[in-house]
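Colleague: I have a model open and want to learn how to read it. Can we go through it feature by feature?

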Amino acid sequence: MSTHPQGDFQPDVIVVGAGLAGLVATHELAKAGKKVLVLDQENRNNLGGQAFWSLGGLFFVDSPEQRRMGIKDSHELALQDWMGSAGFDRLDDEDVWPQRWAEAYVRFAATEKRQYLRDLGLKSLTFVGWAERGDGRATGHGNSVPRFHLTWGTGPEVVRVFLEPVLKAEQQGLVRFAFRHQVDDLVVEDGAIVGVRGSVLHTDDDLARGVKSSRDIVGEFEERAAAVVVSSGGIGHNFELMRRNWPTDRVGPAPEHMIAGVPAHVDGRMLAITEAAGGRIVNRDRMWAYVEGVHNWDPVWPDHAIRILPGPSSMWFDANGKRLEGMSGVPGADSIGSMKQILATGADYSWFVLDQTIIEKEFALSGSEQNPDWTDKDIPLMLKDRIIGKGATGPVEAFKEHGEDFVVADTLEQLVDGMNKLGRGGRVLDVETIRTTIEARDRQVDNAFCKDAQVMAIHNGRRERTGKIMRVAKPHKILDPAHGPLIAVRLNILSRKTLGGLETNLDSQVMGADGNPVSGLYAAGEVAGFGGGGVHGYNALEGTFLGGCIFSGRAAGLALARDL
């Protein structure tokens, strides 16, 4: 029995994981008057989980923000983009529910999603970003139009709009939290899930958000309820599990050197625990790692990585000094395509080569803490840093100065010398090869038209308003000293999201191996592949991870509120 018993609190539902999906499910259940026990292996400071650290991007379709920016979008176009990106090809088995979730989610994003969030107090900035611009095919991967809506307040604001009503429900006695409770087993009786049991971990109440916590066990617990919702997150800091499931045949060898885009508690433990209780895991080989990771010079968790959110102008070279080709050689266009080119060299890193003009206009960093203007809703700072001021944002300049992956130089010879000092595996870049490649690209900017795919993407990016105002630099020659100094950035593989997971139906019920729901068992968020066991298929369109947590957590909460 628990060394921290819940007393006379008898929950209707136990939620395992106090991240965004768990909070959304709890919010919907509490609205319906249900009692919820929320268990989490971390302390109260970590409420909201990974979502707190996010940029807060949300995928909306045909939104008022899009229309104000002159963007014509539609449900039909968004669905075409989603299905072209997902590439569902296991439709006789593992992709049955993911495809149904994809259809439902795109419909949600095109209809009630925006109003649902606005009713909770969430607002987006007026500009719309263009992430994952695609592989160059109308029916292939990528967003045909900008759809990345940035939350005013970033990830903490997304968490706040669900956490505040949940905390109010806690005060009313409908919700109870049990922190530092690590679930080790799901309790199964007569084929149904009736509760959880696990370990009480050493109290770390004063430990700051995201910092790695102790796993010392001080007690045991067992709790019972009519249903359990697993919302424990993915596998992003479990490098061993990532490498075990890495899709070598599809993207290349698993990286030897990898850095973590998520805290240490994102360990994937509940996947195996839920599978042992009868839940089915599908699409294990689908995951979303980024290729633009840099080591955080001021880390919070072990191997802490930050992703560069690039505009399209930086030149991209593999570890041997060959320029990446096609649309997957355009920064921010085709993440998996870029990964394939990079890993094909046998190395696990690549290079951006750019200049001061590009870094000032085009570099943003992932993470709420790396964007204080948006996170703190500071309009004067946003105008100074991103619109009318000179220089890159403060956090970007700090990385340029302190980051171990950055090289800054006045000449190309000095730049390549610095790059060679940072190379791994004994690889040496040839300065004349790099120079020849850059000069060939620079000749393409003399006209407003050209044959270079990247330069064409730059011109295209400046045709949409957000790009021209704040995300895409005016085409220019990189070797022109007027735009210096020159900058190189070593790009590492950064872990982030699990795209496969527990198979669920549209009520977020976990499916068993026999194709039927496991009684009393639900899953939401990343542990369920953001819905169905892989709503994204093979590729993500961005702004879809928070939305997937919201949509699947909402589905679980609404279904349980209806059926209990």
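**Reading the model**

Modeller: Start with one residue. This is a predicted model. Ala 473 has 2% relative accessibility, so it counts as buried. The cut-off for buried is under 20%.

Colleague: Where does Ala 473 lie in the chain?

Modeller: Ala 473 lies in a loop, between α18 (465-471) and β19 (486-498). Now look across the sequence. Ser 314 is 159 residues away from Ala 473, yet their C-alpha atoms are 9.9 Å apart in space.

Colleague: Next, cores. Which residues have the most contacts inside the largest nonpolar core?

Modeller: Leu 186 and Val 489 have the most contacts inside that core, which has 149 residues. Helix α19 (residues 545-563) gives the largest share, nine residues.

Colleague: Why does this core lie between domain 1 and domain 2?

Modeller: Check who contributes. Domain 1 (13-233 + 268-286 + 499-563) and domain 2 (292-494) both give residues to the core, so it lies between them.

Colleague: Now aromatic pairs. What describes a pair of rings?

Modeller: A pair of aromatic rings is described by the distance of the centres and the angle of the planes. With centres within 6.5 Å as the rule, the count here is 19 aromatic pairs. Take Trp 288 and Tyr 290. Their ring centres are 6.1 Å apart and their planes stand at 80°, so this pair is edge-to-face. The cut-off for that label is over 60 degrees. Tyr 349 and Trp 351 also form an edge-to-face pair, with 6.2 Å from centre to centre and 85° between the planes.

Colleague: Are these residues buried or exposed?

Modeller: Trp 288 and Tyr 290 are buried. Tyr 349 and Trp 351 are both buried too.

Colleague: Which residues form an aromatic cluster?

Modeller: One cluster consists of Phe 59, Trp 82, Trp 101, Tyr 105, Phe 108, Tyr 116, Phe 162 and Phe 551.

Colleague: Rings can also face charges. Which charged ends sit over rings?

Modeller: Here are two cases. Arg 209 places its charged end over the ring of Phe 52, 3.7 Å from the ring centre. The charged end of Arg 386 sits over the Trp 374 ring, 3.5 Å from its centre.

Colleague: On to strands. How many bridges join β7 to β8?

Modeller: Count bridges, then check direction. Eight bridges join β7 (residues 181-189) to β8 (residues 192-201), and the two run antiparallel. Glu 189 stands opposite Ala 192 in β8. The hairpin has two residues between the strands, and there Asp 190 takes a positive phi near 55°.

Colleague: Which strands pair with β22?

Modeller: Strand β10 (residues 227-230) runs parallel to β22, joined by three bridges. Val 229 has Tyr 522 of β22 as its bridge partner. Strand β21 (residues 509-511) pairs with β22 in the antiparallel sense, over two bridges. There Met 511 stands opposite Pro 517. The hairpin of β21 and β22 has five residues between the strands, and Gly 515 takes a positive phi near 85°.

Colleague: How many residues of β22 are buried?

Modeller: Five of the seven residues in β22 (residues 517-523) are buried, so call the strand mostly covered.

Colleague: Last, annotation. What does the UniProt entry say about residues 12-546?

Modeller: The unreviewed UniProt entry annotates residues 12-546 as "domain: FAD-dependent oxidoreductase 2 FAD-binding". In the model, that span is 31% helix and 22% strand, and its end C-alpha atoms lie 26 Å apart.

Note on methods: Residues numbered from 1 in each chain as written. Predicted model: local features only at pLDDT ≥ 70, side-chain atom pairs only at ≥ 80, totals over all residues. Heavy atoms only, no water. Buried < 20%, exposed > 50% of the residue type's maximum accessible area, 1.4 Å probe, protein only. Helix = DSSP H or I, 4+ residues; strand = E, 2+ residues; numbered from the N terminus. Pairing = 2+ DSSP bridges. UniProt positions renumbered as here; feature names shortened; annotations may be inferred. Phe/Tyr/Trp six-rings, centres within 6.5 Å; stacked < 30°, edge-to-face > 60°. Lys NZ or Arg CZ within 6 Å of the ring centre and 35° of its normal. Core = buried A, V, L, I, M, F, W, Y, C linked by side-chain atoms within 4.5 Å. Domains from an automatic or database assignment.
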